[in-house]
Amino acid sequence: MPPLPQDFTYSKEHEWVNAKADAIVGNTVRIGITAVAADALGEVVFVDLPAVGDTVTAGETCGEVESTKSVSDLYCPVTGTVTAVNDNVDDNPGLLNSDPYGEGWLFEVDATELGEVMDAAGYAEANHI
């Protein structure tokens with residue numbers, strides 16, 4: 001499992017935001033799923049992401065990730081407007097397994113509000129990693 005980025009923020013639903021909590025609101029942030037989630041899902045075969053221009057709300061579902069084992073909802077850790085979607089994961093959903101914190105990012109949001117999140121240490125403790 002790849003190391004947990006220390007400068008990211010994490011939700012209890014296993015999504016990450018590529019910034020510390022105090023730098024999220026008012027900025028465009030990138031969102032993905034953690035290696036913990038990708039490992040639990042197994043081989044990811046399909047993703048359903050919000051579209052550019054969609055409004056997402058912290059704590060609410062905004063898409064799905066399908067694997068050979070199951071389908072899992074994506075929960076947005078922030079509120080805001082989607083500004084970009086990673087088309088590469090449509091073509092190669094396995095990026096969520098091979099590079100969840102890099103090329104496997106899902107979408108970007110112009111964030112106006114932060115949901116319930118934790119720092120890397122809190123996420124690691126909550127998930128025993």
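Reply: Strands (E, at least two residues) and helices (H or I, at least four) are DSSP runs numbered from the N terminus, and two strands pair if DSSP finds at least two bridges between them. This is a predicted model, in which local features need pLDDT of at least 70 and side-chain atom pairs count only at pLDDT 80 or more, while totals for chains, interfaces and linings use all residues. Residues are numbered from 1 along each chain as its sequence is written, and side-chain values use heavy atoms, with hydrogens and water left out.

Me: In which sense do strand 2 and strand 3 pair?

Reply: Strand 2 (residues 15-17) and strand 3 pair in the antiparallel sense over three bridges; Val17 stands opposite Ile31 in strand 3. Strand 3 also pairs with strand 9 (residues 107-114), antiparallel over four bridges, and there Phe107 is the bridge partner of Ile31.

Me: Where is Thr34, and is Thr34 buried or exposed?

Reply: Buried means under 20% relative accessible area, exposed over 50%, and partly exposed in between (1.4 Å probe, protein chains only). Thr34 lies in the loop between strand 3 (28-33) and helix 1 (35-41). Its relative accessibility is 0%, so Thr34 counts as buried.

Me: Which residues does Thr34 touch?

Reply: Contact means heavy atoms within 4.5 Å. Not counting residues up to four places away in sequence, Thr34 touches Tyr10, His14, Glu15, Trp16, Pro100, Tyr101 and Tyr123.

Me: How are aromatic pairs read?

Reply: Rings of Phe, Tyr and Trp (its six-membered ring) pair if their centres lie within 6.5 Å; planes under 30 degrees apart count as stacked, over 60 as edge-to-face and the rest as tilted. By this rule there are five aromatic pairs. Phe8 and Tyr101 form an edge-to-face pair, at 6.2 Å centre to centre and 75° between the planes. Phe8 lies in the segment before strand 1 (9-10) and Tyr101 in the loop between helix 3 and strand 9, so this pair ties together parts that are 93 residues apart in sequence. The rings of Tyr10 and Tyr123 have centres 4.9 Å apart and planes at 25°, so that pair is stacked. Because Tyr10 lies in strand 1 and Tyr123 in helix 4 (residues 120-126), the pair ties together parts that are 113 residues apart in sequence.

Me: Which residues form one aromatic cluster?

Reply: The cluster consists of Phe8, Tyr10, Trp16, Tyr101 and Tyr123.
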